[in-house]
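Q: I have a model open and would like to go through some of its features with you. Could we begin with one of the helices?

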Amino acid sequence: MSIKRILVASLGAFFIGFGAAQAGSTLQVALTTSLNSLDPNVTTLGEEYVFNGLVFSGLTRIDADSNVVPDLATEWSPSEDLKSWTFKLRPDVRFHHGKPLQAEDVVFSFERIMDPATGSAGRSQIEVLKQVEALDPATVRFTLSQPYADFPGLLTGRQMRIVAKDRASTLKTEPSGTGPYRFLRYTPGDQLVMERNPDYYDRDRIKIDNVVLRVMPEAASRVAALRSGSIDLIWNLPLETIPDLKGDPGVTIDSVASASWDGIVLNNAKPPFNDARVRRAVRLALDKKELVQFALFGEGKPTHTPIPPSSPAFNHDIGFETDLPRARQLLAEAGYPNGFSVDIFVPAGRPSRERLGVAAQQLLRPLGIKLNVQRVPYNRYAAGVSGIAPMYVDGFFANPVIDAATTPWFHSTGSWNSRMWHFSSPRADQALDAGRAATDAAQQNRHYQEFQQAVVEDVPGIIAYVTNVASAYRSNLKNYRTNPYLWIDLFDVEIADDGK
């Protein structure tokens with residue numbers, strides 16, 4: 001073969017899959033769907049949160065052991081009354097376009113999240129925040145409306161990423177953060193390409209040079225690509241694929257417990273679920289242990305609320321027993337002695353939630369309740385289903401702070417409650433308010449246990465279970481750990497030369 005042909009063949013192999021030359025190791029990650037936004041403060045999809053965590057940073061972050069650890073802030077301290085928190089910024093941090101990180105960027109970012117015009121889902125997570133101010137270029141103070149002991153944990157939220165004050169207008173097309181990877185390009189429906197940030201403050205722990213997020217909607221295609229070696233990692237692995245992949249010697253499965261949950265939303269403002277007796281009957285008929293097996297293939301745990309069984313605040317005194325005779329009695333008292341017929345909407349393309357809807361259909365049949373399962377694309381849920389349909393299946397990612405995981409969804413004034421079940425329970429409100437205000441951990445746990453008791457008795461809807469989250473990756477990917485909050489953590493992760 002001539003030297004010219006050798007060079008042409010070598011260059012051709014080098015350019016495959018990128019369209020531009022990139023040296024060093026490359027991690028190919030399979031995602032389920034395209035990203036709708038590259039602006040970290042307004043993202044709403046799990047796939048977008050992956051991007052957030054790789055390109056942007058927060059003041060604090062959650063590690064793979066669920067600990068709140070420093071990120072752009074190196075230290076923080078509260079006032080004596082826990083109504084003010086002061087954060088010191090990490091020195092010598094720069095945004096990807098070269099601007100030094102300063103306190104004004106932090107102030108700008110949080111004021112932007114708090115502004116209703118921004119439309120950030122993160123706004124509901126920081127309702128206690130009254131004011132944020134820069135005390136000097138490296139110091140930020142947050143003033144709260146009430147004592148809040150878990151405030152550093154709130155700042156790990158998915159939308160709580162710090163953006164540059166001078167680049168807000170270009171975030172959607174040219175995002176510039178301070179994270180371990182820099183954005184290069186994005187082709188919706190195809191792939192998003194990033195390169196290692198050489199100026200990252202913890203650069204020595206970032207070993208992989210390039211990351212490509214590839215959009216692959218079909219689960220079978222993702223699995224086939226992993227087996228062939230054309231991708232290295234499947235993020236948020238569909239749980240139904242675990243048994244088959246476990247037998248592949250070239251693949252590692254990592255499934256971890258999380259507080260992400262799926263549930264059946266019952267619209268408390270619409271018949272028949274405006275009657276608490278009907279909601280209680282539904283709860284008493286649904287065997288949550290069966291739901292875990294059918295919907296998750298055993299990869300999860302029953303729960304009463306988004307508080308998982310692993311939490312010290314979980315109420316272990318409440319059981320999961322069913323009671324069909326009592327359920328029938330409640331339906332008869334509510335005027336439905338023979339049951340009723342209602343549509344239950346499930347999100348197409350979310351297999352576990354689809355299975356949850358089908359399982360509920362079967363388990364409620366003995367009560368005479370006929371559920372008509374309607375599959376709707378998830379991107380149409382917000383416009384046509386959420387807060388509108390009497391009954392539908394939905395779910396949410398874990399939040400490390402119990403208040404943020406519960407109050408927006410279950411308090412009568414909660415922002416998510418007003419979009420979902422329209423639930424009102426003075427007992428639940430009182431317990432949530434007390435839990436938020438408590439500064440003693442044991443006392444706080446007791447309040448949240450009281451909240452769980454109120455929810456089980458007053459029944460806004462059905463929190464079926466907390467689900468495991470899983471990843472599948474090539475066995476030559478070393479030191480990777482699935483994060484229970486579904487970030488992709490690449491600290492100390494390497495691609496070995498063998499196994500692919």
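Q: Which residues make up helix α10, and how far apart are its end C-alpha atoms?
A: Helix α10 covers residues 351–364. At 1.5 Å a residue, its 14 residues should span 20 Å, and the end C-alpha atoms are 20 Å apart, which agrees. The expected span is 1.5 Å times one less than the number of residues. Helices here are DSSP runs of H or I with at least four residues, strands are runs of E with at least two, and both are numbered from the N terminus.

Q: What kind of model is this, and how are residues numbered?
A: The model is predicted: local features need pLDDT of at least 70, side-chain atom pairs count only at pLDDT 80 or more, and totals for chains, interfaces and linings use all residues. Residues are numbered from 1 along each chain as its sequence is written, and side-chain values use heavy atoms, with hydrogens and water left out.

Q: Back to α10. How many of its residues are buried?
A: In α10, 10 of the 14 residues are buried, so the helix is largely enclosed by the rest of the structure. Among them are Arg353, Glu354, Arg355 and Gln361, as well as Leu356 and Leu364. Buried means under 20% relative accessible area, exposed means over 50%, and partly exposed lies in between, with a 1.4 Å probe and protein chains only.

Q: And α13, what does its buried side pack against?
A: The buried residues of α13 pack against α12 (402–410) and α14 (441–458). Those buried residues are Ala428, Asp429, Ala431, Leu432, Gly435 and Arg436. An α-helix has 3.6 residues a turn, so residues three or four places apart point the same way.

Q: Is Ser425 buried or exposed?
A: Ser425 counts as buried because its relative accessibility is 1%. Ser425 is in the loop between α12 and α13. Leaving aside neighbours within four places in sequence, it is in contact (heavy atoms within 4.5 Å) with Ala454 and Asp458.

Q: Changing topic: what is the strand order in the open sheet?
A: The seven strands run in the order β8-β9-β10-β1-β11-β19-β12, with mixed pairing. The edge strands are β8 (181–187) and β12, each of which pairs on one side only. Two strands pair if DSSP finds at least two bridges between them. Strand β1 (residues 26–31) and strand β11 (residues 233–234) run parallel and are joined by two bridges; Val29 has Leu233 as its bridge partner in β11.

Q: Where is Ser258, and what does its side chain reach?
A: Ser258 sits in the loop between β12 (251–256) and β13 (261–266). Its side chain reaches the backbone oxygen of Thr467 at 2.7 Å, and a polar atom of that side chain lies 3.0 Å from the backbone nitrogen of Ser260. A polar contact is a pair of N or O atoms within 3.5 Å; within protein, one must be able to donate a hydrogen and the other to accept it, and residues adjacent in sequence count only if both atoms are side-chain atoms. At 9% relative accessibility, Ser258 counts as buried.

Q: How about the domains: how much area is buried between them?
A: About 1600 Å² is buried between domain 1 and domain 2, and carbon and sulfur atoms give 56% of this. Buried area is the accessible area (1.4 Å probe) that two parts lose on being put together, summed over both. The contacts involve 19 residues of domain 1 and 16 residues of domain 2, while the C-alpha centres of the two domains lie 30 Å apart. The assignment gives domain 1 as 26–225 + 476–495 and domain 2 as 259–468; such bounds come from an automatic or database domain assignment.

Q: Last one: which peptide bond is cis, and which residue has a positive phi of about 50 degrees?
A: The peptide bond from Pro271 to Pro272 is cis, with omega near 0 degrees. Asn236 has the positive phi of about 50 degrees, although it is not a glycine. Asn479 also has a positive phi, of about 70 degrees. Most residues other than glycine have a negative phi, and most peptide bonds are trans.
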